[in-house]
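Hello,

Here is the structure for your files. My notes on it follow below.

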Amino acid sequence: MIRQFELVERVKSYDPGADEDLLNRAYVFSMKAHGSQSRASGDPYFSHPLGVAEILTRLKLDSASIATGLLHDTVEDTEATLEQVQNVFGKEVAQLVDGVTKLSRLELQSDNTKHAENFRKLVLAMSNDIRVLLVKLADRLHNMQTLHFIKNADKRRRIAAETMEIYAPLAERMGMHQLKDELENLAFAELNPDAYQSIMQRLSYLREQGADISNKIIVELSKTLKEADVAAEVSGREKTPFSIWRKMQKKRMEFEQLSDIMAFRVMVKDIGQCYQALGALHGKYSMIPGRFKDYISTPKPNNYQSLHTGIIGPQRMRIEVQIRTDNMHEIAEMGVAAHWGYKQGATKIDGRQYRWLRELLDILEHASGPEEFLEHTKLEMFQDQVFCFTPKGDLIALPRGATPVDFAYAVHSQVGDTCVGAKINGRIMPLRTELQNGDQVAIVTSKAQTPSPAWERFVVTGKARACIRRFIRTQQRAQYLELGRAMLQKEFAHAGYEYTEKAVDGVLKKFKAEEIEDLVTQVGEGLVGAREVVNAIFPGNKTQVVPNDKIVPLKRDTKKAKGGHAIPIRGLIPGMAMHFAGCCHPLPGDRIVGIVTTGKGVTIHTIDCETLESFADTPERWLDVAWDQDKNSAEQHTGRLDVVIANQPGSLGSLTTVIGKNQGNISNLKIINRSIDFFEIIVDVEVKDLKHLSNIIAALRATPSVNSVDRARG
Ligand code: MN
């Protein structure tokens, strides 16, 4: 275990301006908070945050990150609270600790590896400060280094798989090769111990056999470069067991066939020297075609730069050589951590948090190639996504702005069609609530529920919208069909016949309709007049188009059939085939009549509405309708009142009080006339039915400051 002053010294070695006081306080705070807790290894728990902080010093991170490493488990695993951390260490550190804590909680929610890609994106999306991710990666690395202490094999395996699927690729995407290599190797050893062991054995055998070969190669390469006047440092590097194994898998090769388990590195001082060194090597040795890559002129998406080449080198050995400058090396090993240099001078972070994220996302955006996990994900899409969990821990990716309804449809269209409510993180929330990253969403469904056209206004996914529209279309068609049938029945009766489908069947051709239902629906929509259809079937004294046997004359004594065809009016949904007139605002209990409007369905008016006068000449457009309201329905209707009140203090107040006391909800209020003595006001009130509105009218009439109350007409 590194000691307190050693840690501080190490930070100061690369950052002379380090906040020593902060580091010391974080050290002590964490040690006290973790107290006597211990790890699977038997070590005091504090050894873990300290190990994480130590890893972060290797990445040369700033004091706030190191302090976060020390404190990262205090909020989740000890009595300490985020408020305490903020009070003692300030906002910056508190935010970082909070970020890491949130990521740790996420891990517990999901069987992550099943949704590796989404989970990686989620982790990125949640890391609004890149340092959160760096601390998380260091945390994971230390847990992997101490993984063998965990007794439960399943747990070890799960953690290793998660590391392989989620954290190593994240480290790679951020260009942190060293960290990625370590994570992969530790995970590989756990996941595939046999392969790991045999590669290790082969490596040590080759090491014994070829120790001097490798040295001879280094010496000869150095000599070649010196002769060409290139000041270079040559080193040999053994590839990691996991990268060897992956190569064996990918190229389907035996271990013996792998020529390049050794890689050589040439370090020079500037870019010019890189190309000079390359020239010297290619001048002396044969280059292996297809192995040369210039990542200096074209850096990798994560900013990696180097020249790569393969040559038949000294000792006639096929070797791989990387040529790079010191600066390129630092970026190659440490990626973003090197790139953003939190070192000295990194004072204020105003606006920088955003920049870090931007730049990281930039890197991700330019990712290319099949191995890169974000290949299908453009930056905009990525920033525009939220990731939520089902109660079982499945991850669902949705566009930003998505609601529980979108979530429900993403799970299954059946779930969407029947959803009545949603629990977000255990709390009942409105269906229009915007989902946040990491939300756990449980959809409440009911078989009686159907999609509401109102949902269309807030859903954002194509699937949800398409499902809702499809439902409305079918629903509308069913309503138009019902309407058309009622209208035809009425016309038939008018002509003295009984309505039969057979009769309609005979005139389908004339109206260019294929099915009976199509024609009836068109009548309902008002596209074809019911009278036209009836006239076509019964063309007066002319020859009948429809054979006699298909026509049933109406029996004179069944006149009541005319009134028996009233179309039931239930809760009307906007956008459907029927709607309430804005002039008379019919309420359940009112006597009503429907007026057919071409292509727009039917408008429901009260029977005494003045507007109806203008339809006096077109009785064929009139339709018999009747309320069919469920008594227990919570549905509200708008009633419109014309109220005259005294122009005196408090009269408007008593108006609203009386309406409120009678459970009426005022949805609109407009003064239309104003004199010295009186105000005339139009008041829209949400009520259950006519009786409810009548009660309110009676109560208002009993109010002294109210002069008169009437339902508004026309
Ligand atoms: Mn931890």
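Gln663 is exposed, with a relative accessible area of 62% (exposed is over 50%, buried under 20%, partly exposed in between, with a 1.4 Å probe and protein chains only). Gln663 sits in the loop between α25 (651-661) and β21 (665-674). Its phi is positive, about 60°, although Gln663 is not a glycine. Helices here are DSSP runs of H or I with at least four residues, and strands are runs of E with at least two, numbered from the N terminus.

Before the rest, two notes on the source. This is a predicted model: local features need pLDDT of at least 70, side-chain atom pairs count only at pLDDT 80 or more, and totals for chains, interfaces and linings use all residues. Residues are numbered from 1 along each chain as its sequence is written, and side-chain values use heavy atoms, with hydrogens and water left out.

Lys60 also has a positive phi, near 55°, and is not a glycine. Lys60 lies in the loop between α3 and α4. Its relative accessibility is 32%, so Lys60 counts as partly exposed.

Now the metal site. Which protein atoms are the donors of the manganese ion? They are His48 (NE2), His72 (NE2), Asp73 (OD) and Asp139 (OD), lying 2.1 to 2.4 Å from the ion. Donors are N, O and S atoms within 2.8 Å of the metal (3.2 Å for Na, K and Ca); water is not among the atoms, so sites may look incomplete. Along the chain, the donors of the manganese ion follow the spacing H-x23-H-D-x65-D. The two histidines link distant parts of the chain: His48 is in helix α3 (residues 47-58), His72 is in the loop between α4 (63-71) and α5 (74-77), and they are 24 residues apart. Both His48 and His72 are buried.

Next, helices. α1 (residues 4-14) packs against α3 at an angle of about 15°, with the axes 10 Å apart. Axes are lines fitted to C-alpha atoms, for helices over the stretch in contact, and angles run from 0 to 180 degrees between N-to-C directions. α1 and α3 are therefore roughly parallel to each other (under 35 degrees; over 145 is roughly antiparallel, 65 to 115 roughly perpendicular, the rest oblique).

Helix α8 (residues 130-145) has 16 residues and reaches 23 Å from its first C-alpha to its last, close to the expected 22 Å. The expected span is 1.5 Å times one less than the number of residues. α8 is mostly covered, with 14 of its 16 residues buried.

Then β5 (residues 307-312). 6 of its 6 residues are buried. Leu307, Thr309 and Ile311 point one way from β5, and His308, Gly310 and Ile312 the other way. Strands pair if DSSP finds at least two bridges between them. β3 (residues 286-287) runs antiparallel to β5, joined by 2 bridges, and Ser286 has Ile312 as its bridge partner. β4 (residues 293-294) is antiparallel to β5 too, with 2 bridges. There, Lys293 is partnered by His308. β5 and β6 (residues 318-325) run antiparallel over 6 bridges, and Ile311 stands opposite Ile319. β5 and β6 form a hairpin with 5 residues between them. In that turn, Gln315 has a positive phi of about 65°.

Last, an open sheet. Its 4 strands are in the order β15-β17-β16-β18, with mixed pairing. β15 and β17 (residues 601-606) pair in the parallel sense over 3 bridges. Met578 of that pair stands opposite Val602 in β17.

Best wishes
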